[in-house]
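Got your viewer open and a selection tool ready? Let's take a walk through this structure together, one stop at a time.

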Amino acid sequence: MRLATWNVNSIRARSEQVVAWMSRHAIDVLALQETKCRDDQFPLMSFLAEGYDVAMCGDGGYNGVAIASRVGLDDVHHGFDGEPAPEGSGRPEARAISATCAGVRVWSLYVPNGRGPADPHYRYKLDWLDRLAGVTRLELGHDPAAQIVLAGDWNVAPTDDDVWDRAYFEGRTHVTAPERAAFTEFTDAGFVDSAAPFTPGPGVYTFWDYTAGRFAKNEGMRIDFALCSPAMDDRVHDAFIDREARAAAGASDHAPLVLDIS
């Protein structure tokens, strides 16, 4: 199985590009984030024409997640138990979806950005990660042999090697101690950054801002991950970040991360 995760930054603007990329790289399962559309707006036919079923969770705006699979798509769940909502909104945003694909429980996750350490959205981000950690830790504890992949845009750079300039991010989100501690909750529970041995840093990133020529200067961040349960990690035999997809005309500001699974 070849599994990938990609923040596509508007699937309606990039559906043909995304589907062509999936076909070219023989992707079996793709976790998509930031689809930016309601479910009834999702360009489903582009995926169906190439043999992919899609489960989506979108409410328009700037969020939205989906899973596209050509190896099965069963037991789909939107969100997770206890998922918090942003302050004043009253309901969770479209940031999590999970499904079983060829026996693997695949999650597509779009972790809240946080905006700034003093912003209420930052507390929402930490609460969101804490609740998700509790749910997935319980899932793994119930079945240590479970095949699980927590794939997505985590909006956290876990180490200083995961950003192009640590000083630049001083006082900003993505690198604060509470965010990094929240990410570590998942690895402490047993989930593994399975791509890390195949994509060593520093200087290896998955996101480059559109501004200031960041991509050309490789001034990026590594914030997209596929955290695997131990049993799943045993099956990962290769991984890569496709920088060429980020370099394409009209591309998302994220590059896809791909895992090859035996």
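## Stop 1: the cysteines

Start by selecting Cys57, which is buried at a relative accessible area of 11% (buried means under 20% relative accessible area, exposed over 50%, partly exposed in between, with a 1.4 Å probe and protein chains only). Before going further, note that this is a predicted model, where local features need pLDDT of at least 70 and side-chain atom pairs count only at pLDDT 80 or more, while totals for chains, interfaces and linings use all residues. Residues are numbered from 1 along each chain as its sequence is written, and side-chain values use heavy atoms, with hydrogens and water left out.

Cys101 is buried, with a relative accessible area of 0%. How many disulfides does the structure hold? The count is 0, where a disulfide is a pair of cysteine sulfur atoms within 2.5 Å.

## Stop 2

Switch to a cartoon view and look for 6 strands in the order β3-β4-β2-β1-β12-β11, an open sheet with mixed pairing. Helices (H or I, at least four residues) and strands (E, at least two) are DSSP runs, numbered from the N terminus, and two strands pair if DSSP finds at least two bridges between them. Color β3 (53-57) and β11 (236-241) to see the edge strands, each of which pairs on one side only. From one strand to the next, the twist averages 15°; axes here are lines fitted to C-alpha atoms, for helices over the stretch in contact, and angles run from 0 to 180 degrees between N-to-C directions.

Zoom in on β11 and β12 (residues 257-261): they run antiparallel, joined by 5 bridges.

While you're in helix α1, click on Ser15. Ser15 counts as buried, at 8% relative accessibility. Leaving aside neighbours within four places in sequence, Ser15 is in contact (heavy atoms within 4.5 Å) with Pro43 and Ser46.

## Stop 3: another open sheet

Which strands come next? Look for the order β5-β6-β7-β8-β10-β9, where 6 strands form an open sheet with mixed pairing. β5 (74-78) and β9 (192-193) stand at the edges with a single partner strand each, so one side of each has no neighbour in the sheet. β5 runs antiparallel to β6 (residues 96-101), and 3 bridges join them. Select Asp74 and look across to Thr100 in β6, which stands opposite.

Helix α3 (residues 120-142) lies across β6, β7 (104-110) and β8 (148-153), running at about 175° to β7.

## Stop 4: rings

Display the aromatic side chains. Rings of Phe, Tyr and Trp (its six-membered ring) pair if their centres lie within 6.5 Å; planes under 30 degrees apart count as stacked, over 60 as edge-to-face and the rest as tilted. By this rule there are 10 aromatic pairs. One of them is Phe42 with Phe47, a tilted pair at 5.5 Å centre to centre and 40° between the planes. Phe42 is buried at 7% relative accessibility, and Phe47 is buried at 0%.

For a cluster, select Trp154, Phe183, Phe186 and Phe225, which ring pairs link together.

Now center on Tyr168. Arg172 lies over the face of Tyr168, at 4.2 Å from the ring centre, and Arg214 lies over the face of Tyr168 too, at 5.0 Å. A charge sits over a ring if NZ of Lys or CZ of Arg is within 6 Å of the ring centre and within 35 degrees of the ring normal.

## Stop 5

Most residues other than glycine have a negative phi, and most peptide bonds are trans. Go to Ser10, in the loop between β1 and α1: its phi is positive, about 95°, although it is not a glycine. Ser10 counts as buried at 15% relative accessibility.

Glu34 sits in the loop between β2 and α2 (44-48), with a positive phi near 55°. At 11% relative accessibility, Glu34 is buried.

Finish at Gly201 and Pro202, joined by a cis peptide bond with omega about 5°. Pro202 lies in the loop between β9 and β10 (224-228).
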